[in-house]
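Hi everyone, thanks for coming.

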Amino acid sequence: MPRTVSDGGEGFDDIASRSSSHRRMDSIQHGHSYKVGFPPKKSLFAEFSDAVKETFFADDPLREYKDLPKSKKIWLGLQHVFPVLGWSRDYTLGKFKGDLIAGLTIASLCIPQDIGYSKLANLPPQVGLYSSFVPPLIYAVMGSSRDIAIGPVAVVSLLLGTLLQNEIDPKTHPLEYSRLAFTATFFAGITQAALGFFRLGFIIEFLSHAAIIGFMAGAAVTIALQQLKGFLGIANFTKKTDIVSVMKSVWGNVHHGWNWQTILIGASLLAFLLVAKYIGKKKKKLFWVSAIAPLISVIVSTFFVYITRADKHGVSIVKNIKKGINPPSASLIYFTGPYLATGFKIGAVAGMIGLTEAIAIGRTFAALKDYQIDGNKEMVALGTMNIVGSMTSCYVATGSFSRSAVNYMAGCETAVSNVVMSTVVMLTLLLITPLFKYTPNAILSSIIISAVLGLIDYQSAYLIWKVDKLDFLACLGAFFGVVFSSVEYGLLIAVAISLFKILLQVTRPRTALLGNLPRTTIYRNVEQYPDAAKVPGVLIVRVDSAIYFTNSNYVKERILRWLRDEEEQQQDQKLSKIEFLIVELSPVIDIDTSGIHALEELLKALEKRKIQLVLANPGPAVIQKLRAAKFTDLIGEDKIFLTVGDAVKKFAPKVVDNV
């Protein structure tokens, strides 16, 4: 609609808006002000359905299905489960070129990593390769991220290796150990898929960002320490993961257990990997240098060991990697017996960690390319691929940050890059696994060490320290828990501190004393705004949280403490007595019966002191519940105001007149 312009160049809409604003100002100046509104009463069913919708369907997933024919709805439903049906229609040769280059690049990185990570999980080396063949294919069909690269990761491998060997010795009972690993993978998938299907993804948010930073850093240190066995050529190494036990094992073997040939291979190639990584970070166009460095290291070290027969001089080698693609393993999963519960417990923990890492990675790269991923859809995709993986001799796979970063920098366009990587891994399993026979374990240790160093995010830790000391405590607790105890205890500490922080914030919400900003009707925290002046005879307190049974008594006591402190200060300075207590409720999004009871007790305590209680700006949920509990009748609707300014204007008009 074209805008009509007056002779002065001002639109009628502007004039109307300005005159409306003037009318509002005039009404306020002449004593007319808005009152607190009461929202229409909802039925019990409406309240319940709204609560369920906001909890489980906050993104309104059915909005795109409205007013569509049935055939279109079915097609959209299939696209929701299998996103490949959507993006494949616009797939071009140009996109395939980007995906092909990216897939080949991450394949060169994943093959040596997979062999190393499987050893970290105490599983045969081919199982690591299996886990980069089947799961990426499933994810490519069901996943919504364009950049995430799927496969085994260091943290989950260590977690599985630690928890599984506590139940079964992988050396004496390798078959039973593998069966338990497949069982844990199955239940990891079930856990992930169930969280997505029932839209319970918010559960993983209970592990705070700070706790994850600390946990990942601690896991990186632990993983690196575990690699000293292969790096130094130690035959008898501790099964414990804490730093004290590992260092005792390392120094206990210093005279007879270390192998200088192994150290030479490991140290020289670790230096090469770190230099390649530095070049890749320094010059983004040379990312491929760090990506192919692990494969080059494996080829060079394998050739060196073969021609020198260093394996005859104490250099530990991979030996045989079973040739062929994934054999079926559904019959090996423990669906009954004593290991069923154990597999479920380990799988649930591993699944949650894998889910947290994958969702974080997916969101990071989606933000870089300005698209969105559906968290619940991702969970279903990750869960399905691990369920299928458990039946095809794979262990828990998830999104790998290092591979995803390479995938992104290599110019991937879609999840087809995962298909390309998977194809290369399949060809490796079918054709060239015998060539890895003389690969020294030292180079696998070096590859893992160089990979996990990226998990130590000291910059984020420093930022956490500057921003929130309690968050930093969670970060530190998780880090030391992993390093000095074990991965599972570190994870437990991370979750415990995160929950403690939530409980602390819920049970001890912030309150603030408000004052008037000079020459305005605005009231703000006196600590944040030192110029804000307190109103004589009036105490204004703001509650910065919902008032529930967990904090209602504290809120009441804290308000009374503000009152006592103010009364003592006024007695010392011989100021006017406080006659009104205004409680600013705008940040209070909800209140329960315990909260209302606390307000009733506060009202009684104030009446004994001959102080009137006034409420300002209660929200719709709060005012509705106050009216239902008849608290509005108890306090009087004339004591409930839209703003603090309106309340002060009524009970301290001289202050308003001076503005």
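**A quick tour**

Let's start with Lys-319, which is exposed, with a relative accessible area of 54%. For that word, exposed is over 50% relative accessible area, buried is under 20%, and partly exposed is in between, using a 1.4 Å probe and protein chains only. Before going on: this is a predicted model, where local features need pLDDT of at least 70, side-chain atom pairs count only at pLDDT 80 or more, and totals for chains, interfaces and linings use all residues. Residues are numbered from 1 along each chain as its sequence is written, and side-chain values use heavy atoms, with hydrogens and water left out.

Back to Lys-319. You'll find it in the loop between α14 (287-308) and α15 (339-368). Helices here are DSSP runs of H or I with at least four residues, strands are runs of E with at least two, and both are numbered from the N terminus. The phi of Lys-319 is near 70 degrees, a positive value in a residue other than glycine. Asp-370 also has a positive phi, near 60 degrees. Asp-370 sits in the loop between α15 and α16 (375-390), and it counts as exposed at 72% relative accessibility.

Now the strands. Which strands does β7 pair with? Pairing takes at least two DSSP bridges between two strands. Strand β6 (residues 580-584) runs parallel to β7, with 5 bridges joining them, and Glu-584 stands opposite Ala-616 in β7. Then β7 and strand β8 (residues 640-641) are parallel too, joined by 2 bridges, and there Leu-615 faces Ile-640 of β8. In β7 (residues 612-616), 4 of the 5 residues are buried, so the strand is largely enclosed by the rest of the structure.

On to charges. Side chains of opposite charge can pair when their charged atoms come close. How many salt bridges does the structure hold? There are 13, each one a side-chain nitrogen of Lys or Arg within 4 Å of a carboxyl oxygen of Asp or Glu. Take Asp-169 and Lys-239, with N to O at 3.0 Å. Asp-169 is in the loop between α8 (154-165) and α9, and Lys-239 in the loop between α11 (228-232) and α12 (243-252), so this pair ties together parts that are 70 residues apart in sequence.

Another pair is Lys-501 and Asp-471, whose closest N and O atoms are 2.6 Å apart. Lys-501 belongs to helix α22 (residues 487-507) and Asp-471 to helix α21 (residues 469-484), so the link spans parts 30 residues apart in sequence. Are these two residues buried or exposed? Both are buried. Along with Asp-468, they are linked in a network of salt bridges.

What about disulfides, meaning cysteine sulfur atoms paired within 2.5 Å? The count is 0. For Cys-394, the nearest cysteine sulfur is that of Cys-110, 12 Å away. Cys-394 itself is buried, at 0% relative accessible area.

That's my tour, and I'm happy to take questions.

Definitions and conventions:
Disulfide = S-S within 2.5 Å.
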